[in-house]
Amino acid sequence: MAAAAGKRTNWFAIWISIAVVAVLVVAAVAVVWINNSATSAGPAPDSGIVNADTGAISVGDGGDVVATYIDFMCPICNQFEQIYGQTLQDLVDDGSITLEYHPVAILDRYSQGTEFSTRAANALYCVAESAPEAVTPFVVSMYENQPAEGTAGLTDEQIIGIAAEAGAEDAAACITDRTYDRFVAAMTGDMPADENGSRGTPTVTVNGERIELTGDPQLDIVDRIG
């Protein structure tokens, strides 16, 4: 009898062990899911002018492609717009280029915790989704109303007003909900770096080749296309 008792299977201990393993597996799956959700690009804007893989918002249909990576808090981006904006628009209008806007967020730290760069980039995607024809007017107006670095930036209500004036009256909910924040973050991480591995704005490429801006639109853009 003593020998039989010694061989008795301890089912209680086995089931406890199984339960512990199951809990650990569930916890591991949950951690993976949370991490994947945190790093996921989230939904891409549902727009024919937005490339879900690259984040490019395309204006025009020319054979040469000029891509601009911009942060709406960046004062140098505003200078770029003032110097190059009309030339780029003329090239779009005459069918020479496709202009790609890549709104990114690298300057959130300069907006007193309001994440203005992310909110503004998200807003441009919202405009592209709801009213593609309003993209360029929105970009121009955002620069005209650009806040200084170190301020809280524009409020959502102010951005919504700029979008509405540009022709994207239906973008309000998307802007307020920050629908594409994660998409902005993912595209920011994918933007091209310079030879030192640094990422900054504005970054400009012509037909995929990163260029050094000299302040001369003819030299930097026009002479490189066609």
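User: What is the mean pLDDT of the chain?

Analyst: Start there, because this is a predicted model. The mean pLDDT is 88. Of the residues, 82% reach 70 or more.

User: Where does pLDDT stay under 50?

Analyst: Here is the general idea first. Where pLDDT is low, predicted coordinates should not be read in detail. In this model, pLDDT stays under 50 over residues 1-6. That stretch has 0 contacts beyond four places in sequence. Residues 25-38 also stay under 50. They have 1 contact beyond four places in sequence.

User: How many helices and strands are there?

Analyst: The protein chain has 9 helices and 5 strands. Read them in order from the N terminus: α-α-β-β-α-β-α-α-α-α-α-β-β-α. Then ask how the chain comes together. Take the contacts between residues at least 6 apart in sequence: 75% of them join residues at least 24 apart. Of the 226 residues, 41% count as buried.

User: How do I read a strand? Which residues lie on each side of S4?

Analyst: In a regular strand, side chains alternate between the two faces of the sheet. Now the case here. Strand S4 covers residues 203-206. Thr203 and Thr205 are on one side, and Val204 and Val206 are on the other. Both faces are covered, and all four of these residues are buried.

User: Which strands pair with S4?

Analyst: Look for bridges. Strand S2, residues 64-70, is joined to S4 by 4 bridges, and the two run antiparallel. Ala67 stands opposite Thr205. S4 also pairs with strand S5, residues 209-210, over 2 bridges in the antiparallel sense. There, Val206 has Glu209 as its bridge partner. The hairpin of S4 and S5 has 2 residues between the strands. Asn207 takes a positive phi near 50° in that hairpin.

User: Now a single residue. Is Arg119 buried or exposed?

Analyst: Check its relative accessible area. For Arg119 the value is 7%, so it counts as buried, the cut-off being under 20%. Arg119 lies in helix H4, residues 116-130.

User: What is Arg119 in contact with, beyond its neighbours within four places in sequence?

Analyst: Its partners include Thr114, Ala152, Leu154, Asp156 and Arg178. Arg119 and Arg178 are 59 residues apart in sequence, yet 6.6 Å apart in space, C-alpha to C-alpha. The side chain of Arg119 also reaches the backbone oxygen of Thr114 at 2.8 Å.

Notes: Residues are numbered from 1 along each chain as its sequence is written. This is a predicted model: local features need pLDDT of at least 70, side-chain atom pairs count only at pLDDT 80 or more; totals for chains, interfaces and linings use all residues. Side-chain values use heavy atoms; hydrogens and water are left out. Buried means under 20% relative accessible area, exposed over 50%, partly exposed in between (1.4 Å probe, protein chains only). Contact means heavy atoms within 4.5 Å. A polar contact is a pair of N or O atoms within 3.5 Å; within protein, one must be able to donate a hydrogen and the other to accept it, and residues adjacent in sequence count only if both atoms are side-chain atoms. pLDDT is the predictor's confidence in each residue, from 0 to 100. Two strands pair if DSSP finds at least two bridges between them.
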